[in-house]
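Let's take a friendly walk through this model, one contact at a time. Have the sequence and the 3D view ready.

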Amino acid sequence: MTINRRGLLASGAALGLAPLAASPLSRPAIAQGAPLKIGMITTLSGAGSYLGQDIRDAFQLAIDMEGGKLGGAPVQLLVEDDGLRPGQGKQVAERFMKNERIRLLTGIVFSNVLGAVAPDVLDAGGIYVSPNASPSNLAGKECNKNFWSIAWQNDSLHESAGQLATNLGQKRMFILAPNYQAGRDALTGFKRLYKGQLAGEVYTRLDQTDFAAEMAQIRAAAPDGVYQFHPGGLGIAFLRQYIQAGLMANLPMTLAAPSMDATTLAAVGDAAVGVNLTSHWNTDFPNEASKRFVAAFQQKFNRLPTFYAQQSFDAALAIGAALKGTGGKVDDTEAFYRAMKPANFESTRGKFAFGSNNHPVQDWWALKVENVAGKPALVTKDRVLTNHGDAYSSQCHF
Amino acid sequence: MTPGVALLLEQLLNGVQLGVTLFLLAAGLTLVFGIMGVINLAHGSLYMVGAYAAAITATTTGSPWLALLAGLAAAAATGMVVEFVVLRRLYARDHLDQVLATFGLILFFNEGMVLLFGRQPLFVNVPEGLRGAVRVLPGVDYPVYRLLIIAVGLAVALGLYLLIQKSRIGMLVRAGATHREMVRALGVDVRLLYTLVFGLGALLAGLAGLMAGPILSVQVGMGESILILTFVVVVIGGIGSVRGALFGAVLVGVVDTLLRAYVPGLLRQVMAGSEADALGAGLASMGVYLLMALVLLAKPRGLFPAHA
């Protein structure tokens, strides 16, 4: 028996379909009177899997801390993996809505998956509460009354980083991000508030793990600083190779929160000391809600919560506040909107409000990686932006 | 040397280094195809097993040598067990069954790794003494560890050449690929030969994985993304040809790296910056597939067909 090329290529194509076959079969719907089901689609495999894990764990933690309820309403969280594939996320969403009759969805990490899933959910009259991805289109022209962003609009992460780079006096920066919606939002956002010049602008691939070619380009461009946005495992690989190429010592890096979370920091270690970044929250925030959350998360999972975990926890709290207002119902989206909008929950970031387009208006903080008791840790410094919304809210009309 | 030339040389080295990693994977894959006629989608899982075993040994013992041994041993042993338990039953079946079974193995290995080690990526440091960069040419500094990867890959290529072309086992391997029944009729234990070849392929995949560990993050699913490129290499090189795997791998590595490094810059001269970058990144990621299409147009059986 010999193998022909066609068979070989077909099997390569089959690889791409891998996670489709991996999804479990749909479960039968449960009778009425059962707890309110919340559908979570998140990334639990591949390079972004620890992000989805933190989102899942923190959301469940919020439910557990209220004894299986959110805002007094009994809820049940159903979780499925999107494998960082938009098509797979779409299928899971369809199954959640048709077979399980779920009206409230959450959990997506990556903007490209959200871009495929959100229109389906919203067109079918469902509600989507985003604990992470918030691409520019959903904040502006294509905004929707039933789409809620809890974390930030993608650009704001990077606007704050651009402001910080300006504050730090960076004159000529090299900027990089993966070539997908959130990556393009990242560089656009960064450039919006960064006042210096650009030594170079590079888009990497979302499935890239070796950045040797980019390291050589950075060195050749001789910038005075580097800004990069690579979430999850990509960012770890990028930082480690940046250090291995000997660039960290001479070229300071300014980052947005997703490029230096607690897990990344643990991976990179002492070499990250001195890196500047911005965030809407940090584990050392002094407010009670944050302290309670960090302690409970650490006790249950024995690791530091990342920003993703915090965002998911806040998403659960925000949903809880809305459910309290609607008496645990999500069928009337108008009532849900009215109950959700005031954001009557104790956010772990201290203060939190929704802007006109259902995206957060919040403060942004400078963080720095410092040695705390012999271990590198993220330490909160000054406020960078106050009551910062996003650049797209004026384009949004419900 | 002008900065432009230095940069080009550095990018060429990067391309060769990626190519060498791909070669280590493709060599095993192409041998298994060529000799046993089996499509093994789980080859990337062996890469992952090697990387995990080495990463865990390195963090617990701190010894790079033990990590090397553990990575190689774990990958080879896993490969031979897989051959013995699963693949042996599939030689007579058609390719769809093989693809289904080895695809099942991917799921099994990925979920197994999640159960054993969790979803958080593991981290290994580059061994002491291999950190930092050396000046390979005036104006070109290159990380020592990546140079080592290139050296190891080329040494493996030479070793495989000697093994397959000059040794008795290699003769059987070559004969097994082209005249299987005749080899069996001469009294050679073909089943043992298959297990050994599969183990060798797994060993090389493990070597690639454990060397990539300190550069990339060691995580579940790391084998799948590189496996797709490996398939491209095998097809370009010619199925079953180790020489083809070497040339195909270096070609794919260099082309992929150079496109990524230079296409956006070239486009930027004719269009606006951010559009050029986005389009360039897209074109560069299509590049290797275009290359494959071009090679197949000119040489439908790959650059070095094994059974010409």
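Arg205(A) counts as buried because its relative accessibility is 18%, where buried means under 20% relative accessible area, exposed over 50% and partly exposed in between (1.4 Å probe, protein chains only). Before going on, please note that this is a predicted model, in which local features need pLDDT of at least 70, side-chain atom pairs count only at pLDDT 80 or more, and totals for chains, interfaces and linings use all residues. Residues are numbered from 1 along each chain as its sequence is written, chains are lettered from A and ligands numbered from 1 in the order in which they are written, and side-chain values use heavy atoms, with hydrogens and water left out.

What does the side chain of Arg205(A) meet in a salt bridge? The partner is Asp256(B), at 3.5 Å from N to O; a salt bridge here is a side-chain nitrogen of Lys or Arg within 4 Å of a carboxyl oxygen of Asp or Glu. This pair crosses between chains: Arg205(A) is in the loop between strand E8 (197–204) and helix H9 (212–221) of chain A, while Asp256(B) is in helix H10 (residues 242–268) of chain B. Helices (H or I, at least four residues) and strands (E, at least two) are DSSP runs, numbered from the N terminus. Asp256(B) is buried too, with a relative accessible area of 3%.

Asp256(B) also meets the side chain of Arg260(B) in a salt bridge, at 3.9 Å from N to O. The two are separated by about one helical turn because they are 4 residues apart in helix H10 of chain B. Arg260(B) has 11% relative accessibility, so this residue counts as buried. Elsewhere, salt bridges that share partners join Asp54(A), Arg56(A), Asp57(A) and Arg303(A) into one network. Over all chains, the count comes to 27 salt bridges.

Now turn to the sheet in chain A. Its 6 strands form an open sheet with mixed pairing, in the order E2-E3-E1-E4-E5-E6; two strands pair if DSSP finds at least two bridges between them. At the edges are strand E2 (69–70) and strand E6 (147–149) of chain A, each pairing on one side only. Strand E1 (residues 36–42) and strand E3 (residues 73–81) of chain A pair in the parallel sense over 7 bridges. Look there for Met40(A), which stands opposite Val79(A) in E3(A).

Another salt bridge joins the side chains of Lys37(A) and Glu100(A), at 2.9 Å from N to O. Lys37(A) is in strand E1 of chain A and Glu100(A) in the loop between helix H4 (86–98) and strand E4 (104–106) of chain A, so this pair links distant parts of the chain, 63 residues apart. Lys37(A) is buried, with a relative accessible area of 11%, and Glu100(A) is buried at 6%. The loop between H4 and E4 of chain A also holds Arg101(A), which has a positive phi of about 55° although it is not a glycine. Is Arg101(A) buried or exposed? At 63% relative accessibility, Arg101(A) counts as exposed.

The aromatic side chains come next. A pair of aromatic rings is described by the distance of the centres and the angle of the planes. Rings of Phe, Tyr and Trp (its six-membered ring) pair if their centres lie within 6.5 Å, with planes under 30 degrees apart counted as stacked, over 60 as edge-to-face and the rest as tilted. The count comes to 21 aromatic pairs over all chains. One of them is the tilted pair of Trp148(A) and Tyr337(A), 5.6 Å centre to centre with 40° between the planes. Trp148(A) lies in strand E6 of chain A and Tyr337(A) in helix H14 (residues 333–340) of chain A, so the pair ties together parts that are 189 residues apart in sequence. Trp148(A) and Tyr337(A) are buried.
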